[in-house]
Amino acid sequence: MTQDSGAAIKLTIEDGVAVITVDNPPVNAISQAVRQGLVDAIKTVAADSSIQAAVIRGAGKVFIAGADVREFGKPPVEPFLPDVIAAIEACDKPVCAAIHGVALGGGFEIALGCHFRVMDAKARVGFPEVNLGLIPGAGGTQRLPRLCGVEKAADLVTSGRQVAAKEALEIGLVDAIAADGDLLSAAKTLGLSKAGAPLPRISEMTVPAAAADFFTTEKTRVTRAARGQHSPLRALEAVEAAATLPFAEGMKRERAIFQELRSSDQAKALRHVFFAERAVSKVPGLEDAKARKLDTLAVIGGGTMGAGIAVACLRAGYPVTMIEADDAALERGRANVDKNLEGFVSRGRLSNEAKAEHMARLSGSLDYNALKDTDLVIEAVFEDMGVKKIVFGKLDAAMKPGAVLATNTSYLDIDEIAAATKRPGDVIGLHFFSPAFVMRLLEIVRPAKTTDDVVVTGFALAQKLGKVAVLSGVCDGFIGNRILAKMRKQADYMIEDGALPWDVDKAVEAFGLPMGPFRVMDLAGLDIAWAQRKRTAATRDPAERYVDIADKVCEEGWFGQKTGRGWYVYEAGKPSPNTDVEKIILAESARKGITRRAIDVQEIQNRILYAMINEGARIVDEKIAARPLDVDMVEIFGYGFPRWRGGPLCTADIIGLPKVLDDIRALEKADPLFWKPSALLERLVADGKTFSDLNQ
């Protein structure tokens, strides 16, 4: 017997077992139709005397991946998920969840409402709600501690991490792991074996006692890890309610926290990131373009960046050819790749056998003719236009027609680089961020003559490498480094006016970024930005305020971590303020006749943030970035802007664009050149619109 219980639920009765299949492609999200269908199916199970047990499973590749994103930000519609789960749990016949693929968020809550759970060996379960600024809202924080204890429950709901089948069985989240291809059969067998027996209902279980100081110490840990995000701490609060309140009272507390968070600014920001991360690769106008063949790759240069790019490509399964200037440099390049891969081995993320296989796919040569059959090459040599033109002239001569020629330049004009070839349509920027095998951002920079299929090939490579790709037009610094330059100028102005580098860093890190601008400069190398400043000195607006402090630090040979001194001094790997830098700062302020003043944390944060917002708006207005969301994704995935703030332009929307514009105009009075408001920002305020409106 087969029947539909709502369009998204199918119920089949097989040998006394009701097989309830959630069929809501592509990920069986918990829509209103799914919720209603589950309620109807459970009523059928209860009413039909021929049914002895039930199995809930998912069609397609997953069990249930969570809430329906189409319902995000909308008023909830009955039946509500807690009531659906309560109906499943109250059923007087065994209900078993057959979990394959993933059971996440509300999907995992549905599984916990079942009396039994069987997992496929490759399946994963978890509560990722904190990544959307929420907590589980349908009993997840109340049932989980009863099943696996508060320690494990707190870890899972505050981190959002997913649990594989083996761990899930070990900590008691599931009752069995099914053999390959045997999931439904195993779930049916388990359900039938429990027919007529007392049924375990998690809501009726007691929570195992935790250590007396557990929640106090856990709150300290979670606060440190959350870095200003609210939802992990609120998730811990809900777990504590499970440990201290009856189930019904704990459910009320969980629901209250969930509803409070759902309308919070952080949840709005994280929803923006959720959708923007998926939209960023869908570039308007490229829908019909097809990627070129991408089987073999090459990297020019084996230094830090070149070796990092090679590792990223090797890890994605590509064969990679590395080109260097001489044998010694090539050997260093191979050693750099080996060292990076060994890091994965030491962290348990790569076996020695897999490392050997990766290294076997790395070949090296001094001859550009070795690239004659290569599909795509990434140049990662010294940041000098003359050097890059020479390299691209050699690539143009050596590589086959249709090969993609990419540069990893951080600042240089790629149109000028492309002009050094006879095939400018094949040239593109692929700007990786260091370390290239870790950082998720890839700026795909499109020169004027680059063809659509080359751009799409860049996105295809990014997807294979697991990167978040953002399309940028050509300008000095593209999207990310152009905004970074404005941030650094504000940081420079503030240290000349009265702050110290470590004051600025602490304020920026308190805002939620992982590192302040001066620590970032030390990590990247002060000489890189110094070279860029010297390169652009001739075109600098004479009216622009220029701070010499960073140049004088570089003149001392202090380039950051790699020289052991920069803004900070590095001893045993730990940074401490460089007091000699402080002397340079004070001397420069005195030389310019600046009366230094105290600059508080709020002013530091505002000036850094508003510099990012104003420049980001200019970048969108100039069509360097197609949409505000592109700017936000660059800042989050390339520069560590806190996800829970949504990116600088999302943050501006949350603050309110009229207030942002008023604040920038107030700053403009002291520095009219730097703080001239973006024309786009002014238009949006005049029209009563937001940056979000431009993402539609």
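In this predicted model, Thr141, Gln142, Pro145 and Arg146 of helix H4 are in contact with Ala238, Val239, Ala241 and Ala242 of helix H9. Sorted by class, the residues of this contact are five nonpolar, two polar and one charged. H4 covers residues 140–148, and H9 covers residues 231–244.

The geometry of the pair comes next. The axes of H4 and H9 come within 8 Å and cross at roughly 60°. An angle counts as roughly parallel under 35 degrees and as roughly perpendicular from 65 to 115. H4 and H9 are therefore oblique to each other. The crossing of these two helices is right-handed.

H4 also packs against helix H3, which spans residues 106–113. For H3 and H4 the angle is about 50°, and the axes are 10 Å apart. That angle makes H3 oblique to H4. The crossing of H3 and H4 is left-handed, whereas that of H4 and H9 is right-handed.

Which residues make the contact between H3 and H4? On the H3 side they are Phe108, Glu109, Leu112 and Gly113. On the H4 side they are Gly140, Arg143, Leu144 and Leu147. By class, this contact has four nonpolar, two polar and two charged residues. Gly113 and Gly140 belong to the contact, and Gly is counted as polar in this scheme. The residues that H4 turns toward H9, including Thr141 and Pro145, can be set beside those it brings to H3, including Arg143 and Leu147.

How many cavities of 30 Å³ or more does the count give? The count comes to three. The largest cavity has a volume of about 50 Å³.

The lining of the largest cavity consists of Met487, Val508, Phe511, Leu513, Gln605, Ile608, Leu609 and Met612. Seven of these residues are nonpolar, one is polar and none is charged. Two helices, H19 (501–511) and H24 (601–621), each supply at least two residues of this lining. The largest share comes from H24, with four residues.

Elsewhere in the chain, H19 and H24 contribute to the lining of the largest cavity.

Terms used. Residues numbered from 1 in each chain as written. Predicted model: local features only at pLDDT ≥ 70, side-chain atom pairs only at ≥ 80, totals over all residues. Heavy atoms only, no water. 1 Å grid on protein atoms, 1.4 Å probe; cavity = no way out; pocket = protein on both sides within 12 Å on 5 of 7 lines; lining within 4 Å. Points joined across faces, edges and corners; volume = space filled by probe spheres on them. Axes fitted to C-alpha atoms, helices over the stretch in contact; angles between N-to-C directions. Parallel < 35°, antiparallel > 145°, perpendicular 65-115°, else oblique. Left-handed = near helix turned anticlockwise from the far one by under 90°. Contact = heavy atoms within 4.5 Å.
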